[in-house]
Amino acid sequence: MKTILRAENICKNEILNDISFTVEEGEMVAIMGPSGSGKSTLLYNLSGMDTPTSGKVYIDDKEITSLSEKEKAAVRLNKIGFVFQQMNMMENLNIIDNILLPAVEYNRENKNGKKDKEELRKRALGLMEKLSISDLYKRKISEVSGGQLQRSCICRSMINSPIIIFADEPTGALNKSATKEVMSAMSALNKEGTTILMVTHDSKLASRCNRVLYILDGQIKGEYRFEGNDQNNDKEREEKLACWLSDYDW
């Protein structure tokens, strides 16, 4: 199995301390821990949106920590998708145009490798259909529910066919029903082969992952890996993860 992401001895000021781990192709990995433990800081440093104080990050075998800001921006555009808790959609654009924004930026930056606009639109509609929101493509962001909007954000993160999706509390701002919608969408993408690394406080969402990393005081204190025969029993997976998390007073 190919290694998509590798972190080596990542430190960030007083927040992260000597973190090392890998994410393999097709995995869905959750990062959990109490507020202030360094989860989101780690995600931003791994994705090239911030730079660690020391250590190295490799994405698709390319070391990104020593790249210039422009080079890191190119990696984020071409290799990475990001799903934010607060969604960051443009209010003046409808849903499909928001989804297409990273593709428009790709075409602007890649003059010799532009993607066909009609093909991109078909891809956006295909992603929306996969996540059951294709009928919303003309709507404004104020005209859809929170769950529908976050699924639109997931489509946006996928538009340039990234090799890995980073998600920072993707259900953190959602109600219970919207959370279920997004959980199902993330699980469906992962089952189709999308590699996902997410920060979450939601143990139900984390139980859908292949493994869970627990961070405390900027260090990985434990790792839980689900066995293959647990894959189709959500309740059992939730119970096992809850039992493991209880060792960390979760």
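1. At what angle do H5 and helix H6 pack, and how far apart are their axes? H5 and H6 (residues 176–191) pack at an angle of about 25°, and their axes lie 8 Å apart. Axes are lines fitted to C-alpha atoms, for helices over the stretch in contact, and angles run from 0 to 180 degrees between N-to-C directions. H5 and H6 are therefore roughly parallel to each other (angles under 35 degrees count as such).

2. A word on the basis. This is a predicted model, where local features need pLDDT of at least 70, side-chain atom pairs count only at pLDDT 80 or more, and totals for chains, interfaces and linings use all residues. Residues are numbered from 1 along each chain as its sequence is written, and side-chain values use heavy atoms, with hydrogens and water left out. Helices (H or I, at least four residues) and strands (E, at least two) are DSSP runs, numbered from the N terminus.

3. The H5 side of the contact with H6 includes Gln148, Arg151, Ile154 and Met158. Among the H6 partners are Glu181, Val182, Ala185 and Leu189. Contact means heavy atoms within 4.5 Å. By class, this contact has seven nonpolar, four polar and two charged residues. Ala, Val, Leu, Ile, Met, Phe, Trp, Tyr, Cys and Pro count as nonpolar, Asp, Glu, Lys and Arg as charged, and the others, Gly among them, as polar.

4. H5 (residues 146–158) also meets H3 (residues 95–109). Their axes come within 8 Å and cross at roughly 30°. H3 and H5 are therefore roughly parallel to each other. Ile95, Asn98, Ile99 and Pro102 in H3 touch Leu149, Ser152, Cys155 and Arg156 in H5. That contact has five nonpolar, two polar and one charged residues.

5. Now the largest pocket. Its volume is about 680 Å³ (the space filled by probe spheres set on grid points, which are joined across faces, edges and corners). A pocket is an open set of points on a 1 Å grid over the protein atoms alone, where a 1.4 Å probe fits, with protein on both sides within 12 Å along at least five of seven lines; lining residues have an atom within 4 Å of a point. H2 gives the most to the lining, with six residues.

Definitions and conventions. Parallel < 35°, antiparallel > 145°, perpendicular 65-115°, else oblique.
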